[in-house]
Amino acid sequence: MPVHITAATLIEALGAEGYRITNARRAVCEVIAAAHEEHLTAADIYDRARAQTGARLDRSTVYRTLEALEDSGLLSHSHLGHGPSVYHLTEDSGHQHLICLRCGETFTLPEEETSSLADAIARSTGFILDASHFALSGLCAGCARAGTT
Ligand SMILES: [Zn+2]
Ligand SMILES: [Zn+2]
Ligand SMILES: [Zn+2]
């Protein structure tokens, strides 16, 4: 079973990747660990980490830290639309994203809801679907009711 990912887990993983644990990197780990249900971009993580440390914080430090955490397998990114990608702890990343092309709102769907599609694709093609990496686009219920004109 996956272990619950905390800031301490992330900090430990950075250490294992050979990174020195600075206040800036610690702050990035704390922001990510606290953000379970949210969809934070690298810029959001930078803003929060900076607010939290009050210290000077390099954008490139944030990007490199995110990269290192992805390498460690504890963090993953998803593409919701045309904008920058968002980050999830891998323990929270098992959901499908739905994005409305009209109002831009993002919705999440538990992985189980798309598992029959993934199974059908695997059966007929052998392709293993990663449904959480890219969002599915369409119209939300409200926009669909309002019509498409
Ligand atoms: Zn998500
Ligand atoms: Zn990607
Ligand atoms: Zn909509």
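**Briefing on the predicted model**

The side chains of Glu-38 and Arg-48 meet in a salt bridge, with 2.7 Å from N to O, where a salt bridge is a side-chain nitrogen of Lys or Arg within 4 Å of a carboxyl oxygen of Asp or Glu. The pair links distant parts of the chain, since Glu-38 sits in the loop between α2 (23-34) and β1 (40-41) and Arg-48 in helix α3 (residues 42-53), 10 residues apart. This is a predicted model, in which local features need pLDDT of at least 70 and side-chain atom pairs count only at pLDDT 80 or more, while totals for chains, interfaces and linings use all residues. Residues are numbered from 1 along each chain as its sequence is written, chains are lettered from A and ligands numbered from 1 in the order in which they are written, and side-chain values use heavy atoms, with hydrogens and water left out.

**The salt bridge**

- The structure holds 1 salt bridge.
- Glu-38 counts as partly exposed because its relative accessibility is 33%, and Arg-48 is partly exposed with a relative accessible area of 36%; buried means under 20% relative accessible area, exposed over 50%, and partly exposed in between (1.4 Å probe, protein chains only).

**Overall build**

- The chain has 6 helices and 6 strands, which are DSSP runs numbered from the N terminus (helices H or I, at least four residues; strands E, at least two).
- Read along the sequence, these elements follow the pattern α-α-β-α-α-β-β-β-β-α-β-α.
- Of the 149 residues in the chain, 34% are buried.
- Among contacts (heavy atoms within 4.5 Å) between residues at least 6 apart in sequence, 51% join residues at least 24 apart.

**Surface patches**

- Glu-111, Glu-112, Glu-113 and Asp-130 form a negative surface patch; patches are made of residues with over 30% relative accessible area and no salt bridge, with like charges joined within 9 Å and nonpolar side chains (Val, Leu, Ile, Met, Phe, Trp, Tyr) within 5 Å.
- Lys and Arg count as positive and Asp and Glu as negative, whereas His and the chain ends are not counted, and the place of a charge is taken as NZ of Lys, CZ of Arg, CG of Asp or CD of Glu.
- Glu-113 is found in helix α5 (residues 112-125) and is exposed, with a relative accessible area of 52%.
- A nonpolar patch on the surface is formed by Leu-117, Phe-127 and Leu-129, which together have about 280 Å² of accessible area, as given by the Shrake-Rupley method with a 1.4 Å probe, where for residues only the protein chains shown count as cover.
- Leu-117 lies in helix α5 and counts as partly exposed, at 45% relative accessibility.
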